[in-house]
Amino acid sequence: MTGLNLRRRATRLAAYGFILPPMIYLVVFMFWPLARQMYMSLTNTRIINPNHGRFIGLGNYERLFSDPSFFLSVRVTLLYAALAVVFGVSLGVISALAIDRPFRGRAIARGILLFGWAVPNVAASLIWLWMYNDRSGILNRITEALGLGRFAWLTSTDLALASVLAVTVWQVAPFVMLVVLAALQSVPDEVREAAAIDGADGLSTFRMVTLPHIRPAIQLSALLVCVWSIRRFDIIYLLTGGGPVGSTSTLVVKIRQVAFENHQLGLASAYGAVGLVLALAIAGIHYYFEQRRMKWMSR
């Protein structure tokens, strides 16, 4: 009996030994910085004296919700994330469906489609900055050849967000394609063949067989793309810097401006807290609908 208890205790200690290192990592590099940021959002900390901020309670949040530029940043962030999900996921799913079919040159096509995801963000920004150039960019040469004239892709308040969104979709769609393609290739051929024998056409087979099988992959991809879009900084800042007139100033870009241009770390932390709440809310909504779907499937 004693030996059995010793083995159980050793097993329990071994489990704690495996859990302890990642828990220490999370506490040191995630939870503690997050707690520090949340506390800093309640102070008037400035970048010139970061260790001597005075506690001001909800003063930063009062300033936040009385600033029109804050609501503009939230609106731009939500619009940018929503459109990135709609177009990025849609294009990724369509690409996965196309590349799932066997055809000559499929490996080459897959490599071309993955190019946007493989290119580093800085290099991608430089490529698109050249393409968007008002004078020598290839996009304006194409529009001129079509008789449409030139467009100020990155300096127009009407086109800047759409231009940044196009780069984002170009980058995230290949990731969605990979995830959905893996799900597509796990669909049993026997189920598809049975549907065909029963007289189902291609659209019906996709709607009744394929789509339910790949829906979890699509939902996960949509969640990741949405969270990444809320957090995305480098592409937006390198292309437009948040301009013109704040038309591409998402919360993350605004945080950089408030912290490093206005030197207000406390207020920037409040912006970061709002961004965290948005990301958690989106994850919570996804979890809620996923739980409802699981309950419906278990009936």
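Ala, Val, Leu, Ile, Met, Phe, Trp, Tyr, Cys and Pro count here as nonpolar, Asp, Glu, Lys and Arg as charged, and the others, Gly among them, as polar. The model is predicted, so local features need pLDDT of at least 70 and side-chain atom pairs pLDDT 80 or more, while totals for chains, interfaces and linings use all residues. Residues are numbered from 1 along each chain as its sequence is written, and side-chain values use heavy atoms, without hydrogens and water.

**Exercise 1.** Determine which classes of residue line the largest pocket, and which helix gives the largest share of the lining.

*Solution.* A pocket is an open set of points on a 1 Å grid over the protein atoms alone where a 1.4 Å probe fits, with protein on both sides within 12 Å along at least five of seven lines; lining residues have an atom within 4 Å of a point. The lining consists of 18 residues, with Q37, I255, G272, G275 and L276 nearest the centre. By class, 13 are nonpolar, 4 polar and 1 charged. Helices are DSSP runs (H or I, at least four residues) numbered from the N terminus. Helix α13 supplies the largest share, 8 residues.

**Exercise 2.** Classify F289 as buried or exposed, or in between.

*Solution.* Buried means under 20% relative accessible area, exposed over 50%, and partly exposed in between (1.4 Å probe, protein chains only). F289 belongs to α13, residues 265-297. Because its relative accessibility is 49%, F289 is partly exposed.

**Exercise 3.** State where α8 bends.

*Solution.* The bend is the angle between axes fitted to the seven residues ending at a residue and the seven starting there. For α8 this is about 25 degrees at V172, and P174 follows within four residues.

Note on methods:
Helix = DSSP H or I, 4+ residues; strand = E, 2+ residues; numbered from the N terminus.
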